[in-house]
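I opened my notebook to look through one chain, step by step. Here is what I looked up, in the order I went.

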Amino acid sequence: MDDGAVVTQGTPLVTGTVDVPKFDREGLIAALRADQAGKSTFPEFVSASWRAGVVRHDMDFNARTCRYYGSNDEEYIEEYPIVEVT
């Protein structure tokens, strides 16, 4: 922004001490497909990803991939096609 950086904090997924869900590859893929189909909001996608055991993700814009990680370094890589903007 012109006057500096900004941040918007959403509603926390959890509060206090909780067990991290086990990594659920199929649950994550279901959350991704629902989001890609426009059937979920971003907060709903983040919540579904958490329930699928995702604790972080890394975007690689050059490779057009996103890696989703579980707490025990499990991972799922989603690849994205090139989009031509005309």
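**Entry 1: a start before the helices**

Where is Val 18 found? I located Val 18 in the segment before H1. I kept in mind from the start that this is a predicted model. I then took the C-alpha distance from Val 18 to Ala 34: they are 16 residues apart in sequence and 26 Å apart in space.

**Entry 2: the whole chain**

Next I listed the secondary structure, and I found two helices and three strands. Read from the N terminus, the order is α-α-β-β-β. The radius of gyration came to 15 Å, well over the 12 Å that the globule rule gives for 86 residues, so the chain is more spread out than a compact globule. I also looked at the C-alpha trace, which spans about 45 × 35 × 25 Å along its principal axes.

How many of the 86 residues count as buried, as a percentage? I got 23%. The chain exposes about 6,900 Å², and carbon and sulfur atoms supply 52% of that area.

I checked the contacts with a separation of 6 or more too: residues 24 or more positions apart account for 42% of them. For the charges, I noted 8 positive and 15 negative ones, with mean positions 7 Å apart.

**Entry 3: the largest nonpolar core**

Which residues make up the largest nonpolar core? I wrote down twelve: Phe 23, Leu 28, Ile 29, Ala 31, Leu 32, Phe 45, Ala 48, Ala 52, Val 54, Cys 66, Tyr 68 and Tyr 76. Helix H1 (25–36), helix H2 (42–51) and E2 each supply at least two residues of this core. H1 gives the most, with four residues. I remembered a general point here: nonpolar side chains tend to be buried together in soluble globular proteins.

Leaving out residues up to four places away in sequence, Tyr 76 touches Phe 23, Arg 25, Leu 28, Ile 29, Leu 32, Arg 33, Cys 66, Arg 67 and Tyr 68.

**Entry 4: around H2**

Which residues of H2 are buried? My list reads Phe 45, Ala 48, Ser 49 and Trp 50. H1 and E2 are among what covers the buried residues of H2. Just after H2, I came to Gly 53, which takes a positive phi of about 85°.

**Entry 5: two loop residues in contact**

I went on to Val 55, in the loop between H2 and E1. Val 55 counts as partly exposed, because its relative accessibility is 37%. Apart from neighbours within four places in sequence, Val 55 is in contact with Val 20, Trp 50, Tyr 69, Gly 70 and Ser 71. I also looked up the C-alpha distance from Val 55 to Leu 13: it is 11 Å, for residues 42 apart along the chain.

Is Gly 70 buried or exposed? Gly 70 is buried, because its relative accessible area is 3%, and buried means under 20%. I placed Gly 70 in the loop between E2 and E3. With neighbours within four places set aside, Gly 70 is in contact with Phe 23, Gly 53 and Val 55. The C-alpha atoms of Gly 70 and Ala 52 are separated by 8.5 Å, and these residues are 18 apart along the chain.

**Entry 6: positive phi values**

I reminded myself that most residues other than glycine have a negative phi. Then I looked up two residues with a positive phi.

What is the phi of Arg 64 near? I read a value near 55°, which is positive in a residue other than glycine. Arg 64 sits in the loop between strand E1 (56–60) and strand E2 (65–69). Arg 64 is partly exposed, because its relative accessible area is 34%.

Asp 73 is not a glycine either, and it has a positive phi of about 65°. I found Asp 73 in the loop between E2 and strand E3 (75–79). Asp 73 counts as exposed, because its relative accessibility is 59%, and exposed means over 50%.

Technical notes: Residues numbered from 1 in each chain as written. Predicted model: local features only at pLDDT ≥ 70, side-chain atom pairs only at ≥ 80, totals over all residues. Heavy atoms only, no water. Buried < 20%, exposed > 50% of the residue type's maximum accessible area, 1.4 Å probe, protein only. Rg over C-alpha atoms; globule rule 2.2 N^0.38 Å. Contact = heavy atoms within 4.5 Å. Areas by Shrake-Rupley, 256 points an atom, 1.4 Å probe, with all protein chains shown as cover. Lys, Arg positive; Asp, Glu negative; His and termini not counted. Charge placed at Lys NZ, Arg CZ, Asp CG, Glu CD. Core = buried A, V, L, I, M, F, W, Y, C linked by side-chain atoms within 4.5 Å.
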